[in-house]
Amino acid sequence: METIEVVESDKGWTVRHGARILFIDTVKERTLRTAQAISDTLFDEGVLRQVVLIRQDS
């Protein structure tokens, strides 16, 4: 199963797939929509996948 990570940091949000950084933004909603679109594309290609949200500790 492939994992798409949405990671929160001090600088914003990052979407990663494995070691590859696919998207960086400061707006959480836009980042989550992008992660969902990447997930949908993988699904269309027949790839099992999950999206994981990693929040920064406050």
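**Figure 1. Glu-8, a residue of strand 1, and its surroundings in the predicted model.** Glu-8 belongs to strand 1, and its side chain meets that of Arg-55 in a salt bridge with an N to O distance of 3.2 Å. Arg-55 is found in the segment after strand 4 (49-54), so the pair ties together parts that are 47 residues apart in sequence. The side chains of Glu-8 and Arg-55 are also joined by a polar contact of 3.2 Å. When residues up to four places away in sequence are not counted, Glu-8 touches Trp-13, Ile-54, Arg-55 and Gln-56. Arg-55 counts as partly exposed, because its relative accessibility is 48%.

**Figure 2. The salt bridge between Glu-5 and Arg-16.** In this pair the closest N and O atoms are 2.5 Å apart, and the two residues, Glu-5 in strand 1 and Arg-16 in strand 2, lie 11 residues apart and link distant parts of the chain. Are these two residues buried, exposed or partly exposed? Glu-5 counts as partly exposed, with a relative accessibility of 22%, and Arg-16 likewise counts as partly exposed, with a value of 30%.

**Figure 3. The salt bridge between Arg-30 and Asp-25.** A search of the whole structure finds three salt bridges, and one of them joins Arg-30 to Asp-25, with the closest N and O atoms 2.3 Å apart. Arg-30 counts as partly exposed at 37% relative accessibility, whereas Asp-25 counts as buried because its relative accessibility is 12%, under the 20% cut-off for a buried residue.

**Figure 4. The largest nonpolar core, made up of six residues.** The members of this core are Ile-4, Val-6, Trp-13, Val-15, Ala-35 and Leu-42, and at least two of the core residues are supplied by each of strand 1 (2-9), strand 2 (12-17) and helix 1 (28-44). In soluble globular proteins, nonpolar side chains tend to be buried together.

**Figure 5. Helix 1 and its buried face.** Helix 1 has 17 residues and reaches 24 Å from its first C-alpha to its last, close to the 24 Å expected at 1.5 Å a residue. Which residues of helix 1 are buried? They are Thr-31, Thr-34, Ala-35, Ser-39 and Leu-42, and, seen down the axis of helix 1, these buried residues fall within an arc of 140 degrees, so they line one face of the helix. That buried set packs against strand 1, strand 2, strand 3 (20-25) and strand 4, while Arg-33, Phe-43 and Asp-44 are exposed on the other side of helix 1. Gly-46, which follows helix 1, has a positive phi near 85 degrees.

**Figure 6. Leu-42 in helix 1 and the residues in contact with Leu-42.** Leu-42 counts as buried because its relative accessible area is 11%, and this residue is a member of the largest nonpolar core. Which residues is Leu-42 in contact with, leaving aside its neighbours within four places in sequence? The contacts are with Ile-4, His-17, Val-47 and Arg-49; among them, Ile-4 also belongs to the largest nonpolar core. The C-alpha atom of Leu-42 is separated by 8.7 Å from that of Glu-2, although Leu-42 and Glu-2 are 40 residues apart along the chain.

Notes
Residues are numbered from 1 along each chain as its sequence is written. This is a predicted model: local features need pLDDT of at least 70, side-chain atom pairs count only at pLDDT 80 or more; totals for chains, interfaces and linings use all residues. Side-chain values use heavy atoms; hydrogens and water are left out. A nonpolar core is a set of buried Ala, Val, Leu, Ile, Met, Phe, Trp, Tyr and Cys residues joined through side-chain atoms within 4.5 Å. Buried means under 20% relative accessible area, exposed over 50%, partly exposed in between (1.4 Å probe, protein chains only). Helices (H or I, at least four residues) and strands (E, at least two) are DSSP runs, numbered from the N terminus. Contact means heavy atoms within 4.5 Å. A salt bridge is a side-chain nitrogen of Lys or Arg within 4 Å of a carboxyl oxygen of Asp or Glu. A polar contact is a pair of N or O atoms within 3.5 Å; within protein, one must be able to donate a hydrogen and the other to accept it, and residues adjacent in sequence count only if both atoms are side-chain atoms. The expected span of a helix is 1.5 Å times one less than its number of residues. The arc is that of the directions from the helix axis to the C-beta atoms.
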